[in-house]
Amino acid sequence: AVQIEVHKDRQKRMLMLHEAAISISSDLQLSVVCKSIIESATRLVPAEWCVLYLHERQGSLQQILSGGQRGVSLELGSGLSGAAWTQRSPIVTCAPEDHPQYSAHAYGAFAARV
């Protein structure tokens with residue numbers, strides 16, 4: 001019975017990934033693609049909220065919020081996202097506010113929810 005549930009969960013996630021891929025590739029407008037990525041990630045994880053960071057040409061990370069609007073801009077290496085970009089490796093933590101790279105500024109409007 002447990003294996004059946006695990007299989008069903010895997011199937012559900014694969015279907016969600018497939019739907020996300022179709023949604024993301026259906027439009028080439030950056031704001032639409034960003035919003036689609038955020039919505040898909042929020043459903044897949046699941047999570048209450050999600051932000052996306054885009055690498056800007058001037059060497060910063062631009063936060064994109066759930067509604068597609070722009071949030072804070074981070075210098076590379078600043079905050080958890082900036083550190084992950086610099087290290088080219090994800091930073092996984094259940095308590096981001098306790099991590100040495102944590103910066104409330106990096107979360108912008110979501111800082112109080114971390």
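In which loop does Glu97 lie? Glu97 is placed in the loop between helix H3 (79-87) and helix H4 (104-107), where helices (H or I, at least four residues) and strands (E, at least two) are DSSP runs numbered from the N terminus. The structure is a predicted model, in which local features need pLDDT of at least 70 and side-chain atom pairs count only at pLDDT 80 or more, while totals for chains, interfaces and linings use all residues. Residues are numbered from 1 along each chain as its sequence is written, and side-chain values use heavy atoms, with hydrogens and water left out.

Glu97 counts as partly exposed because its relative accessibility is 40%; buried means under 20% relative accessible area, exposed over 50%, and partly exposed in between (1.4 Å probe, protein chains only). Its C-alpha atom is separated by 9.7 Å from that of Leu80, a residue 17 places away along the chain.

The strands are considered next. Three strands form an open sheet in the order S1-S2-S3, with antiparallel pairing; two strands pair if DSSP finds at least two bridges between them. Strand S1 (52-55) and strand S3 (70-75) are the edge strands, each pairing on one side only. From one strand to the next, the twist averages 30 degrees. Strands of a sheet pair through backbone hydrogen bonds, either parallel or antiparallel. Four bridges join S1 to strand S2 (residues 60-64) in the antiparallel sense, and Tyr53 has Gln63 as its bridge partner in S2.

Helix H2 (residues 30-44) lies across S1 and S2 and runs at about 140 degrees to S1. Axes are lines fitted to C-alpha atoms, for helices over the stretch in contact, and angles run from 0 to 180 degrees between N-to-C directions. The 15 residues of H2 reach 21 Å from the first C-alpha to the last, close to the 21 Å expected at 1.5 Å a residue; the expected span is 1.5 Å times one less than the number of residues. Buried residues of H2 include Val33, Cys34 and Ile38. The buried residues of this helix pack against helix H1 (2-25), S1 and S2, contact meaning heavy atoms within 4.5 Å.

The largest nonpolar core has seven residues: Trp49, Val51, Tyr53, Leu61, Leu65, Val72 and Leu74. Such a core is a set of buried Ala, Val, Leu, Ile, Met, Phe, Trp, Tyr and Cys residues joined through side-chain atoms within 4.5 Å. A second, separate core of six residues includes Cys34, Ile38, Leu52 and Leu54.

Two salt bridges are counted, each defined as a side-chain nitrogen of Lys or Arg within 4 Å of a carboxyl oxygen of Asp or Glu. One joins Asp9 and Arg13, whose closest N and O atoms are 3.5 Å apart. Because Asp9 and Arg13 are four residues apart in helix H1, about one helical turn separates them. An α-helix has 3.6 residues a turn, so residues three or four places apart point the same way. Asp9 is partly exposed at 38% relative accessibility, as is Arg13 at 35%.

In another salt bridge, the side chains of Glu56 and Arg70 meet at 3.3 Å, N to O. This pair links distant parts of the chain, with Glu56 in the loop between S1 and S2 and Arg70 in strand S3, 14 residues apart. Glu56 is buried because its relative accessible area is 17%, whereas Arg70 is partly exposed at 48% relative accessibility. Leaving aside residues up to four places away in sequence, Glu56 touches Gln62 and Arg70.
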